[in-house]
Amino acid sequence: MPHVAVKLWPGRSEEQKARLAEAIVKDVMTHLNSGEDSVSVTIEEVKQEDWTAQVYQPDIQGKWAKLYKKPGYKP
């Protein structure tokens, strides 16, 4: 039951987000041996000015030890 949450700045088309979700599902199926029906993906747009408070602090800075890919930026 993997669920993948993607948070990004606004500006991507629905087609781009759909292609990203499809690619994520395929990779999860390949690398975790999960069936397609068990994988879910959410994509949430977060405004640039809200990024630090809504994403960086709670999801990145607040979970640094759990990040498998750390960002190369600091707010």
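Student: Where does asparagine 33 lie in the chain?

Tutor: Asparagine 33 lies in the loop between α1 and β2. Helices (H or I, at least four residues) and strands (E, at least two) are DSSP runs, numbered from the N terminus. This is a predicted model, in which local features need pLDDT of at least 70 and side-chain atom pairs count only at pLDDT 80 or more, while totals for chains, interfaces and linings use all residues. Residues are numbered from 1 along each chain as its sequence is written, and side-chain values use heavy atoms, with hydrogens and water left out.

Student: How many helices and strands are there in the chain?

Tutor: The chain has two helices and two strands. Followed along the sequence, they give the pattern β-α-β-α. The C-alpha atoms fill a box of roughly 35 × 30 × 20 Å, taken along the principal axes.

Student: How do I read phi, and what is phi of asparagine 33?

Tutor: Most residues other than glycine have a negative phi. Asparagine 33 has a phi near 55°, which is a positive value in a residue other than glycine.

Student: Is asparagine 33 buried or exposed?

Tutor: Buried means under 20% relative accessible area, exposed over 50%, and partly exposed in between (1.4 Å probe, protein chains only). Asparagine 33 counts as exposed because its relative accessibility is 70%. In the chain of 75 residues, buried residues make up 21%.

Student: What does the side chain of serine 38 reach?

Tutor: A polar contact is a pair of N or O atoms within 3.5 Å; within protein, one must be able to donate a hydrogen and the other to accept it, and residues adjacent in sequence count only if both atoms are side-chain atoms. Here the side chain of serine 38 reaches the backbone oxygen of glycine 35 at 2.8 Å. A plain contact means heavy atoms within 4.5 Å. Leaving aside neighbours within four places in sequence, serine 38 is in contact with Met1 and Pro2.

Student: Which residues form the largest nonpolar core?

Tutor: In soluble globular proteins, nonpolar side chains tend to be buried together. A nonpolar core is a set of buried Ala, Val, Leu, Ile, Met, Phe, Trp, Tyr and Cys residues joined through side-chain atoms within 4.5 Å. The largest one has six residues: Val6, Leu8, Ile24, Val25, Val28 and Val39. Both β1 and α1 supply at least two residues of this core, and α1 gives the most, with three residues. A second, separate core has five residues, including Val46, Trp51, Val55 and Ile60.

Student: Which residues does isoleucine 43 touch, not counting residues up to four places away in sequence?

Tutor: Isoleucine 43 lies in strand β2 and touches Val6, Leu8, Lys17, Leu20 and Ala21. With 26% relative accessibility, isoleucine 43 counts as partly exposed.

Student: Lysine 17 is on that list. Where is lysine 17 found?

Tutor: Lysine 17 is found in helix α1. At 12% relative accessibility, lysine 17 counts as buried. Not counting residues up to four places away in sequence, lysine 17 touches Arg12, Ile43 and Glu45.

Student: And lysine 66, is that residue buried or exposed?

Tutor: Lysine 66 is found in the segment after α2 and counts as exposed, at 66% relative accessibility. Its C-alpha atom is separated by 17 Å from that of lysine 7, 59 residues apart along the chain.

Student: What volume has the largest pocket?

Tutor: On a 1 Å grid over the protein atoms alone, a pocket is an open set of points where a 1.4 Å probe fits, with protein on both sides within 12 Å along at least five of seven lines; lining residues have an atom within 4 Å of a point. Grid points are joined across faces, edges and corners, and a volume is the space filled by probe spheres set on the points. The largest pocket has a volume of about 640 Å³.

Student: Which residues of its lining lie nearest the centre of the largest pocket?

Tutor: Of the 18 residues that line the largest pocket, Val4, Ala5, Val6, Leu67 and Lys69 lie nearest its centre. β1 (3-8) and α2 (51-60) each supply at least two residues of the lining, and β1 gives the most, with five residues. Ala, Val, Leu, Ile, Met, Phe, Trp, Tyr, Cys and Pro count as nonpolar, Asp, Glu, Lys and Arg as charged, and the others, Gly among them, as polar. The lining divides into 12 nonpolar, one polar and five charged residues.
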